Each structure stands twice: as structure tokens, then as C-alpha cells.
2 protein chains.
Amino acid sequence: MCAAVHRAVTELIAEGGADQVSIPAVAARAGVNPTSVYRRWGDLNGLLADVTATRLAPEDPPPDTGDLRTDLLQWAERSRASVTTPETLALVRHAVGQLACADSGSTPRMAARERQLATILARAAERGEPAPTLRQGVDHLLAPLYFRVILNLGPIEPADVHRLVDDLLHHHTGTCAPTT
Amino acid sequence: MCAAVHRAVTELIAEGGADQVSIPAVAARAGVNPTSVYRRWGDLNGLLADVTATRLAPEDPPPDTGDLRTDLLQWAERSRASVTTPETLALVRHAVGQLACADSGSTPRMAARERQLATILARAAERGEPAPTLRQGVDHLLAPLYFRVILNLGPIEPADVHRLVDDLLHHHTGTCAPTT
DNA sequence: AGTTAAAGCGAATCACTTTGCCTTAGCATG
DNA sequence: CATGCTAAGGCAAAGTGATTCGCTTTAACT
């Protein structure tokens with residue numbers, strides 16, 4: 001049942017955005033009784049949080065190729081591909097909408113991404129490669145990666161990812177990039 | 001009545017996030033009848049959209065000091081101060097949560113910000129100042145500015161705004177910045 | 001067979017929303 | 001001044017969908 005419900009949530013949210021999702025609708029599509037869903041997940045936010053965690057949290061460990069640029073490229077492209085997906089996009093947007101002002105925590109997903117990035121940068125620093133700070137990584141790689149897509153500001157292609165990584169590294173290493 | 005309702009929405013959303021806001025709750029706090037609210041604004045999204053537009057859309061025109069860096073600093077600081085406000089933050093988050101995948105448009109607010117940035121950059125280019133592209137501006141200034149705050153990734157201070165503008169300009173002009 | 005956890009089912013409940021009707025205020029016209 | 005029209009808002013009753021409750025059923029394991 002658990003699997004069917006998750007699938008139903010994913011389908012519904014990918015089709016019509018977050019407000020097409022209700023417990024009765026999900027239950028109907030999953031072929032289970034709404035009561036069962038209420039019992040297991042409590043309410044809609046609980047359910048969506050669980051789906052989000054299940055679909056997005058068990059991200060594989062960040063790449064570790066021994067080269068900062070390669071690590072970043074692989075990691076960023078993976079992130080891009082993930083958030084470009086309709087389901088992921090809708091889930092992330094919903095998570096944003098749920099954040100209350102007073103919350104000190106971020107979305108679990110974004111916190112996980114930030115941690116992955118931190119790992120990559122820390123490893124590079126250990127190897128002695130010149131590496132940007134986590135803050136720079138977040139501001140100039142993680143942020144633009146997600147910002148455009150989340151806000152429908154335009155598409156992001158693999159080429160854009162490449163450019164962002166270049167920007168970040170050139171800027172940090174002091175190698176002046178061509179300003180295309 | 002219109003004013004009282006707007007005030008009620010703003011207060012409620014600043015207090016407890018977007019899902020503390022319901023038409024009956026707003027009406028009660030504003031001292032009006034829920035029916036009146038339904039009649040005027042249709043539904044909750046209509047009401048919130050109107051509040052968002054009223055509070056955020058009539059942004060003043062972007063600064064025009066004749067110097068790109070100064071323009072960017074003033075504009076970015078203004079944006080930062082605005083989105084740091086609990087009401088604005090909650091409204092923006094809610095708007096994000098409302099975006100459906102298929103939507104081609106962004107939030108009105110963000111589109112407006114992007115346009116302001118475009119104006120600033122275009123004016124600099126006309127004056128012959130070396131200016132980054134709009135894409136660079138969005139990726140490296142607008143995105144980090146909002147990303148951190150929207151996702152609760154950490155506070156943003158005026159000093160951070162300064163650093164972001166520096167990053168953007170140094171990177172573009174080829175002057176290698178100190179990587180603090 | 002006995003026990004227990006998980007899920008189904010229908011009725012009841014609750015909150016949000018809609019509807020029809022009534023009151024009030026503003027304003028023009030006879 | 002009185003009349004009548006219209007727009008805005010209040011009020012209560014009815015409608016709708018989500019949520020909860022009590023209870024039964026099923027299936028796995030002992």
C-alpha cells in the first residue's frame with residue numbers, strides 16, 4: 001500500500017501541482033481507503049513530507065573523483081537533472097510553501113544538498129586544491145541552479161551547469177574567466 | 001473594509017505562515033463577514049495574490065545614479081531589506097508554493113525584480129560601462145539574494161549584499177577579486 | 001485456535017464555501 | 001423632500017469535501 005500511495009502522490013503532484021493533491025484523491029488513485037492514509041501519515045503535509053524524504057533524501061553520496069571541478073560538475077548536473085523533473089520540482093515548491101518564517105530549519109532536501117556541497121569542497125581543500133568557501137558555493141552554484149527552475153525564470157540546460165561551475169572556480173582561483 | 005482585510009492577511013501570514021490563513025480567519029480578524037471576502041476576492045489564492053500585488057508590486061523604479069556599482073548596491077540592498085521582512089517572505093514563499101509545473105510565468109514579483117535588474121544593466125551598458133549580462137546578474141546576484149532567505153539557509157546581512165555585488169562586478173570586469 | 005497489527009468501511013463531524021435574502025448607504029431623479 | 005435604484009455588506013441556512021470515529025475484516029505469525 002505504501003508504495004501505491006507514494007506513486008499516486010507523485011503522479012498527482014506532477015500532473016496538476018500541489019493543490020490537486022488531497023488525501024481522498026490520493027487514496028482513490030492508489031486504490032486504498034482514505035482512512036488508512038490518515039492513520040499512517042496523519043495529514044497531507046505529513047504524507048508529502050514523507051514522499052519528499054523518500055524520493056529525494058536518499059541521495060547517493062557526492063562524487064569523489066579526486067578533482068574538484070569534476071566533482072562539482074557531476075554533482076551539479078545530478079542536481080539539475082533531479083530538479084528539472086516535474087515531480088521533484090513540485091515537491092520542492094511545495095516544501096518551500098510550507099516553510100514558516102519562524103522555522104530555523106530549511107527543507108531537508110536543501111540541507112542535504114548543502115551538506116553534499118560542503119563535503120566536496122572540504123575534500124578538495126584537504127587535497128590542497130584551491131577551493132571556494134561553502135558560502136560561495138551556495139551563492140554561486142547551488143542558488144542559481146535551483147532559483148531559475150523553482151521560479152520558472154527560464155530553463156536550465158547542462159551547458160548552464162558547466163558555466164556556473166566555471167564561474168565559481170575561475171572566480172575563486174583568480175583565473176579571470178572570459179566573460180561570455 | 002479592503003484595508004482591514006489586507007492588514008489581517010498580512011498579520012496572519014507573518015505570524016503563522018501561509019496555512020494559518022483562511023478566509024474565515026482573515027474575516028474574523030478584520031471584523032468583516034466571510035461572505036464579503038468571498039464576494040470580493042473569490043478565493044484564498046485570489047486574496048493572497050491581491051495582497052502580494054498591493055504590497056510588493058508597486059516597487060519604486062530602480063536607482064539611476066549613473067554608476068553601475070552604486071545602482072546595484074542600492075537595488076540589491078532594497079531587495080534584501082524587503083525580503084527579510086516576515087510578511088514579504090511568507091508571501092513570496094506562498095507564491096512559490098502556488099506555481100504549477102506547467103506555468104510558463106513566474107511570480108509577478110520576481111519577474112518585476114528581474115526587469116528592474118535588466119534596466120540597471122542596460123543603462124550601464126548604454127553608458128559604456130562594462131556590465132554583466134542579465135543572466136549573470138540573475139544567477140549571481142538575484143538568485144543568491146533570495147535563495148538563502150527563502151530556504152532558511154541562513155541570514156543575509158547588508159554586508160553580504162555588498163560582497164555579492166563585488167563578486168558579480170569583479171568577475172565580469174576581469175578584475176580578480178580577493179577570495180575572502 | 002489465538003493474538004495482534006494493518007487496513008477497510010460507513011456514519012458522524014467539522015471547516016470551508018456557496019447561496020438566497022435582507023439591510024444599509026449613496027445618489028440621482030421626479 | 002420623497003422616491004427609487006444600485007452597490008456593498010451582513011446574516012443564516014444549506015452544500016461540499018476533508019477528517020475523525022467506532023467497528024469489522026483480513027492476514028500474518030504463535
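Guide: Just after α1(B), B:Gly17 takes a positive phi of about 80 degrees, and just after α1(A), A:Gly17 likewise has a positive phi of about 80 degrees. The model is predicted, so local features need pLDDT of at least 70 and side-chain atom pairs count only at pLDDT 80 or more, whereas totals for chains, interfaces and linings use all residues. Residues are numbered from 1 along each chain as its sequence is written, and chains are lettered from A and ligands numbered from 1 in the order in which they are written.

Helices here are DSSP runs of H or I with at least four residues, strands being runs of E with at least two, numbered from the N terminus.

Within α1(B), the buried residues (20 or more other C-beta atoms within 10 Å of their own, against 12 or fewer for exposed and partly exposed in between, with C-beta atoms placed from the backbone) are B:Val5, B:Ala8, B:Val9, B:Thr10, B:Leu12 and B:Ile13. Their cover includes α2, α3, α4 (44–56) and α6 of chain B.

The helix α1 (2–16) of chain B is also among the elements that give two or more residues to the side touching chain A, together with α6 (86–98), α7 (108–127), α8 (134–150) and α9 (158–173) of chain B. That contact, in which paired residues have backbone-placed C-beta atoms within 7 Å, takes 40 residues from chain B and 41 residues from chain A. The largest share of the chain B side, eight residues, comes from α8(B). By class, this side has 21 nonpolar, 14 polar and five charged residues, where Ala, Val, Leu, Ile, Met, Phe, Trp, Tyr, Cys and Pro count as nonpolar, Asp, Glu, Lys and Arg as charged, and the others, Gly among them, as polar.

A rotation of 180 degrees with 0.0 Å of shift along its axis superposes chain B on chain A with an RMSD of 0.2 Å, by least squares on the C-alpha atoms of residues with pLDDT of at least 70 in both. That is the relation of a two-fold axis, and in chain B the C-alpha nearest the axis is that of B:Gly97, 2.1 Å from it.

Technical notes
Contact = placed C-beta atoms within 7 Å.
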